[in-house]
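Welcome! Here is a short briefing to read with the structure at your side.

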Amino acid sequence: MMAGKRLTARLAGCLLLIVLSGCSLIKDPKSLMETPQLTSDKESLINVINSEIKGANIIRPRDVSDVSSIRTPDLNNDGVKEAIVFYETPDAAVRIHGLILEHHEDTWVPKVHFDGEGQVLETFEIRDITGDGRPDIIAGFTSGDEDLQKGLAVYTYDGNKVDKVLTLPYNHFLLDDLNNNNLLDITVVNLKRDQNGTVTTYEFDNGSFKEIATIQLDDPIKEYYNTVSGNITPKIKGIILDAAFGTHYAYSHVIAMIDGNLVDLLPSQDSTFKNFPVLSGDVDGDGILEVGRSEKPRGWESFSYDDIPLFSYYQWDEKEKMKFVMQQYMDLSGRFYFNLPKDWWGNVTIDTKSDPNEHLWFTKIDSGEKVAEIRFFSISEWERYKIDWQLLARDNDKVIGFLSYTEAKINKGEKEIKR
Amino acid sequence: MIKRGIGRQIVLHYFIVVFVTLFMVEVIFSLAIRMYYYDTIKNHMYVHSTWASDYFQKFVRLNAERDPDYFTEMLRTFELDNTELLILNNKGEVQASSSGFQADKAIQTSDVPQAAAGNVGTWIGRQTSTGETVMAVSTPLQVRGETRYIVRYLTSLESVNSKLMNLTLVSVGVAGAVLALVTLFSIGLANSIVKPINNIRAVSAQMAKGKFDVRIKGNYKYELGELAATLNYMAQEIVRSNQIKDDFISSISHELRTPLTGIKGWSETLKLGGFDPEETELGMGIIAKETDRLIGLVEEMLDFSKLQQNEMKLVITVVNLKEILQETMLNVWAKAEQKGIQIKLDDHIERGIYVNGDGNRLKQVFLNLVDNAIKFSAENSWIHFVIKQQSDTQVLVEVVDSGIGISHEHLNKVKDRFFQVNHQGGGTGLGLAISQQLVELHHGQMDIHSELGVGTTVSVMLPIHEIKDEGEVSSPDG
């Protein structure tokens, strides 16, 4: 009986082995992975686009804020979604094209092809800039070389055809309502390298864009590495340009729209000088822009400027001109940053024996008393220290810890510059 | 298919055992293979994302979030075949997607918060938009010491699931085939047990109807063989004991008829009258003697039936064994004298021997033994009573004669009830059987040694009563 059973079991085992080992019954699980389906709506849109552009490539904009290539706003404000996509035909005379499709019942119908400029799609935004309630297409193009002049184009779509309502050369452009009239305006920054820069604001009026304000800046520089628009004071709007010169020195312009004119609020470069390309912006999230500066901690005057970067942020104020907002220690290798408590400003410095790759001591200026330490640990060391120290950051082989002798806590959170 | 019965039972048991085994194996196999497939896919995505994240940290612009190509570069670095890649910020909002579409809303599935907390998150579920089963693996991407982005891979499990379904179906098929095969085997195996049982059952049914001459044929093994042999032996014994019973009835009838014939003859003769007193006395004497013989016969049979039904009550006292033997000798003296037989007590013990027992019943045993000895001894021979102490606790009484003896083949049966070597000798054939049982009731043991033509020795072993106090001893007829 037992023998019979065992025999049967063996037979079954062999059978199972033969069945399972030989043929394609068991496959590499990886080979069974599949890209998830898009919704049928998106799927059909892609199919329609692909058949419409006949083998050309859909392109993504080189834009940090939105790299998606297919967008579906309601362009002509008729309650029906349109789709906009840019594609490139490398061998044709016009390299970049746009395509607008309309959603009809369950399918997408190609409506209009229109020509783009240049070789590369830099940005691609959908905003109502003409003030007619219909979103417009704002696209930036280049010829592919970053240093060359970029070209800005604004397209409108009325349901049948695409009109190009604006073409401008630009280095940077900003969409905002600088003159507070509830109409978006477009501010274009142009830089003639090593000569000067021009900031011009345009607004759409009566069927075309009009220049409403302009200012020329005496900037013999290579580039504006950062431009940002927003509130300079709670009432005044404007833009901040961060200009780089030399190897990595920089300064900033704070340009406000006052009574319909663009005014450079800080014509002197000294008050905004920085030896690192600090980014200006709304650092503390209060809706008002701050200008970034780099400062030497007290006691480091005789050291090279590059050693210890403390980044300070100031708001422009009519009376004080530069009002301190916050200060930040930035690790130069980008491993971490540390927002200094506000009451440390002017009272606490970094001890001169500190090494930014090993150990940092924050001490009081008057008494030399330690208030906090930041230290790099190996992973094994960290196991011993982690009871007292707070974790600041961690990478593959190093742990960065923070030790506070006061109430100050690790402060990194969300207060880095918004971009 | 299979007749109701033990065969079906066996097949059913096999079936259940194999079915349960296969079922469990099947379940374990399905779970294991599912785990294998899912884990492999998960690991594939996870390993790729850790590799890509490492590469991204080291070589791709770590510090260049303002670079227009930042996300495009990221998508290219993390890209993995057959997956949809999403770059999320730590709130789950889509920053970039490999599908090219603008994302509609933040992603809420459980893998994202896990990744935001710094762990690898996995989620398996249905896409609400397409109803497709997908697996999502989210890994955190550290920038400047904090989880700034989440890399989320999404792959469809549809073909994996259908493959798993296939595998499960195939293995169920294999299991089914195995089950069928084993069931076929078990039918054969069941037959090897069921056939002999059926055969034995048929024969025993015939026996139950009274046909004791049938026998179970066939050479069976183990328990079945023993069962067949036992049944055969039982039938044989039934036949034999029937024979003994028949013999008994015929001999008892004969025994009863002989005295009755004498009594009837003499009573009819005396009824005619006219005899002188001497003749009348002789006739009455014969009638009385024959009646005594009848009473003896009936009492013997009464004793036997009491013993048979365990209703024999012994009056246990402490009795002097020597006294009993002497009384026995006195009782048979006259009978022995008639045949010129000498009876002698061979006493090997100085002191008195006492046993716990019923004096009358013990005397009955010895009377029976010595009676038998006289019956089967030649004239002018001798009979010895030997009494000796066997051990501290046992006494042995032997009745030794030089009579005709019992052949070897009959020796085993003489103690059986109703057995008689020679039916002409008279008697019921119960004497030895009764004696044997009486001795056993006294916790003793009775053995017979005999040789044909030389003589017979019957030995009775009895436990000795340990005397502690002389006052305990009482007379045997008390």
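Two residues are in contact if their C-beta atoms, placed from the backbone, lie within 7 Å. This is a predicted model, in which local features need pLDDT of at least 70 and side-chain atom pairs count only at pLDDT 80 or more, while totals for chains, interfaces and linings use all residues. Residues are numbered from 1 along each chain as its sequence is written, with chains lettered from A in the order in which they are written.

**Where the chains meet**
- Chain B brings 45 residues to the contact, and chain A brings 41 residues.
- On the side of chain B that touches chain A, two or more residues each come from α1, α2, β2, β5 and α4 (158-208) of chain B; helices (H or I, at least four residues) and strands (E, at least two) are DSSP runs, numbered from the N terminus.
- The largest share of that side, 12 residues, is given by α4(B).

**Helix α2 of chain B**
- Helix α2(B), residues 70-78, has these buried residues: B:Tyr70, B:Phe71, B:Met74, B:Leu75 and B:Phe78.
- They line one face of the helix, because they fall within an arc of 130° seen down the axis of α2(B); the arc is that of the directions from the helix axis to the C-beta atoms.
- A residue is buried if 20 or more other C-beta atoms lie within 10 Å of its own.
- The buried residues of α2(B) pack against α1 (6-59), β1 (84-89), β2 (94-97) and β5 (146-156) of chain B.

**A hairpin in chain B**
- Strands β11 (445-451) and β12 (455-463) of chain B pair in the antiparallel sense over 7 bridges; pairing requires at least two bridges found by DSSP.
- B:His449 stands opposite B:Thr457 in β12(B).
- The hairpin of β11(B) and β12(B) has 3 residues between the strands, and B:Gly453 takes a positive phi near 85° there.

Terms used
Buried ≥ 20, exposed ≤ 12 C-beta atoms within 10 Å, placed from the backbone.
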